Amino acid sequence: MKKICGFLAAVMLFAAVPAGAAGKVGVIDLQKVLRTSAAGQAAQKTIATKAESFQKTMQSRQAALKKANDEFEKQKMVLSKDAAAQKERDLQNKIKDFQRFGKDAQEELQREDREATSKILDEVAKIVKDLGAKGGYDVIIEKSTTLYTNPAVDMTDAVVKAYDKKHKGK
């Protein structure tokens with residue numbers, strides 16, 4: 001949906017420019033900026049580290065659940081009906097807690113990714129506007145909204161360089 005809206009915006013923008021007044025156009029690959037900028041790589045590393053930590057916790061909890069289930073299976077024949085039902089409820093609650101932890105961890109990782117991406121893209125937008133004004137560009141569009149772009153109009157590396165330079169001390 002986002003790509004379609006961006007594509008339509010680019011088409012309307014070009015339609016508004018008179019045929020003989022083709023201006024200076026630049027293209028930026030925002031995904032590449034996120035992957036290659038120092039801040040983007042740092043954010044990816046932070047999220048990957050957190051994901052690894054969550055994964056280890058999930059594996060540990062899963063092993064504990066398996067052990068509890070195995071013990072329950074061994075004991076359920078010798079337990080009274082009420083005791084077996086209680087143990088089964090306890091086991092089901094542990095399974096729900098495990099699933100809830102997994103869902104919460106996934107949501108936290110997605111939230112942190114969105115926040116980091118949003119922060120970087122907000123700052124990149126300012127840099128793009130500055131580069132556009134200084135470079136005399138009429139239009140700078142996101143690469144994913146185009147069907148074809150000449151590599152000569154790709155400004156991605158310049159944006160990454162400017163972004164990293166601006167944030168070197170931070």
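Analyst: A pocket is found on a 1 Å grid over the protein atoms alone, as an open set of points with protein on both sides within 12 Å along at least five of seven lines. The model is predicted, so local features need pLDDT of at least 70 and side-chain atom pairs 80 or more, while totals for linings use all residues. Residues are numbered from 1 along each chain.

User: What makes up the lining of the second largest pocket?

Analyst: The second largest pocket holds about 230 Å³ of space. Lining residues have an atom within 4 Å of a point, and 13 residues line this pocket, with Ala38, Ala39, Ile120, Tyr163 and His167 the closest to its centre. Two or more residues each come from α3, α4 and α5 (156-166).

User: Why is α3 called roughly antiparallel to α4?

Analyst: Helix α3 (residues 38-75) and helix α4 (residues 81-135) pack at about 175°, their axes 10 Å apart. Angles over 145 degrees count as roughly antiparallel, which makes α3 roughly antiparallel to α4. That contact has 18 nonpolar, six polar and nine charged residues.

User: Why are α4 and α5 called roughly perpendicular?

Analyst: The angle between α4 and α5 is about 115°, with their axes 10 Å apart. Roughly perpendicular covers 65 to 115 degrees, and α4 and α5 are therefore roughly perpendicular to each other.

User: Which residues make the contact of α4 and α5?

Analyst: Contact means heavy atoms within 4.5 Å. Among the residues that meet this are Ile120, Val124 and Leu131 of α4, and Ala158, Ala162 and Tyr163 of α5. By class, the contact of α4 with α5 has nine nonpolar, no polar and two charged residues.

Technical notes
Side-chain values use heavy atoms; hydrogens and water are left out. Axes are lines fitted to C-alpha atoms, for helices over the stretch in contact, and angles run from 0 to 180 degrees between N-to-C directions. Helices (H or I, at least four residues) and strands (E, at least two) are DSSP runs, numbered from the N terminus. Angles under 35 degrees count as roughly parallel, over 145 as roughly antiparallel, 65 to 115 as roughly perpendicular and the rest as oblique. Ala, Val, Leu, Ile, Met, Phe, Trp, Tyr, Cys and Pro count as nonpolar, Asp, Glu, Lys and Arg as charged, and the others, Gly among them, as polar. On a 1 Å grid over the protein atoms alone, a cavity is a set of points where a 1.4 Å probe fits but cannot get out, and a pocket is an open set with protein on both sides within 12 Å along at least five of seven lines; lining residues have an atom within 4 Å of a point. Grid points are joined across faces, edges and corners, and a volume is the space filled by probe spheres set on the points.
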